[in-house]
Amino acid sequence: MAHVDEKIEGMYQEVLKRNPGETEFHQAVLEVLECLGPVVVKHPEYLERKIIERICEPERQIIFRVPWQDDKGIVHINRGFRVEFNSSLGPYKGGLRFHPSVYLGIIKFLGFEQIFKNSLTGLPIGGGKGGSDFDPKGKSDDEVMRFCQSFMTELYRHLGEHTDVPAGDIGVGGREIGYMFGQYKRITNRYEPGVLTGKGLTWGGSLVRTEATGYGATFFVNEMLKARKDSFDGKICTVSGSGNVAIYTIEKIHQLGGKCVACSDSNGVIYDEKGLDLNLIKQLKEVERRRIEEYVKTHKHAKYIAKGNIWEIPCQVAMPSATQNEISGKDAATLVKNGCIAVGEGANMPTTPEGIKVFLEAKIAYGPGKAANAGGVATSALEMQQNAGRDSWSFEYTEKKLEDIMINIHRNCYETAEEYGAPGNYVLGANICGFIKVANAMVAHGLI
Ligand code: NDP
């Protein structure tokens, strides 16, 4: 990852010009384009067919008004988004994010990354992403329901099991998927489980989907460690966030013999040197929907660091699982100095370009999100398979499939990095491997 090849530089400049102010989208595009120089030398047809220019332009972008009423009857207006980025490999697939920071640039960065991530899974899914600037924090169940119903009242017309299949992301879990599924069913008069993933287990959901992103990211790190003749056994780990991805990352780390000593939310950090009590975290976050600082009420030996920086806590394995750009260049340098040997990204684009540079130069095992967190969407695709076959698989069977998919993704990224002369560089491996499959399908489909 040095610079953009001169044959591609003009395309990047065009992306900047056509998408002003969308900094996260620019960052995600640059990271991929920086890796493609050697690819277009081997495949001049990609330049002739303008595959890169086409891949950077979403097939369709939908922006809509979402009006809803709170419990006091006051009217609120939010903005809804669905960016259907690329359908070369299958129906658009990617989550919905509800967070006040959401704007078009965030949804486009996520949708762009999703194209290559979905390609890496080896499953037939295209890339898309959506969401809203709605903030579910502090809202009652009824308010969340009314918002979800209003959101789906517009979105439903764009969805379908062969067209576009959303799932969850930040702020969207089983509760929100349930309300959206109910509204879809009511409007269309069709019980179509294949239209959303992350559903409840009694109405079409898949076992392991809840755990999938966190488990998958940990399997990926396990493979990176194995490639270095190492393992999780006895490793001190830190995991940022305390949401869906963080919780099941911590669970799998503990199952594989590691000790996770810290997690966080947007207010602060919990440090428990005895190892985090995951049952308590699940109770606080999944059942009671409370803040992580309440951990220390019952666990007096642990520390709550308000506004703390989790990356200052020494660890051997770090797994960012909260949000984009949460590891700066300085944080990356601190991690490396404190003895971190592996970073696996549960979150999307959590490391800044400066941070990535530090990890690659230090030659630690660095697994970028589009490879490491692909287990979530892969298991969503397994949920689609079960829905299509009116089937439901056991936990063990589904988890084994997830593990095999992550082993495969790791192997493909590892081998592609070697093939392109950058052994151990999973960023290059993931970007090239994910890109080539999509590019070949686009060439095959003609100019559309
Ligand atoms: P959740 O909403 O369940 O949890 C998000 C966690 O991250 C919360 O602890 C939240 O803290 C914290 N967080 C969110 N935004 C910020 C912020 N701006 N600053 C600091 N902390 C923040 O989301 P998920 O666990 O589902 O998603 C986490 C990451 O994983 C995201 O990057 C997402 O895109 C990615 N991902 C998720 C997948 C999935 O299957 N769910 C699949 C692949 C990737 P607080 O409560 O204080 O906001």
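**Figure 1. Lining of the largest cavity in the predicted model.** Glu31, Glu113, Glu345, Met349, Thr351, Ile356, Tyr366, Pro368, Gly369 and Lys370 line the largest cavity. A cavity is a set of points, on a 1 Å grid over the protein atoms alone, where a 1.4 Å probe fits but cannot get out, and lining residues have an atom within 4 Å of a point. The lining divides into 4 nonpolar, 2 polar and 4 charged residues; Asp, Glu, Lys and Arg count as charged, Ala, Val, Leu, Ile, Met, Phe, Trp, Tyr, Cys and Pro as nonpolar, and the others, including Gly, as polar. The volume of the largest cavity is about 60 Å³, taken as the space filled by probe spheres set on grid points joined across faces, edges and corners. The whole structure holds 1 cavity of 30 Å³ or more.

**Figure 2. The shell around the ligand.** Of 24 residues around the ligand (a heavy atom within 4 Å), Asp169, Thr213, Ser266, Arg291 and Asn348 come nearest. The shell has 4 nonpolar, 14 polar and 6 charged residues. Domain 2 (60-191) and domain 3 (212-372) each give at least three of its residues, with bounds from an automatic or database domain assignment. Helix 9 (209-227) and helix 10 (244-255) each supply at least two; helices are DSSP runs (H or I, at least four residues), numbered from the N terminus.

Figure 3. A polar contact is a pair of N or O atoms within 3.5 Å. For the side chain of Arg97, an N or O atom lies 2.9 Å from an oxygen atom of the ligand. Gly171 places a polar backbone atom 2.9 Å from a ligand oxygen atom. The ligand alone exposes 890 Å², of which the protein buries 83% (Shrake-Rupley method, 1.4 Å probe).

**Notes.** Residues are numbered from 1 along each chain as its sequence is written, and side-chain values use heavy atoms, without hydrogens and water. In this predicted model, local features need pLDDT of at least 70 and side-chain atom pairs pLDDT 80 or more, while totals for chains, interfaces and linings use all residues.

Notes:
Polar contact = N/O pair within 3.5 Å; in protein donor to acceptor, adjacent residues only side chain to side chain. 1 Å grid on protein atoms, 1.4 Å probe; cavity = no way out; pocket = protein on both sides within 12 Å on 5 of 7 lines; lining within 4 Å.
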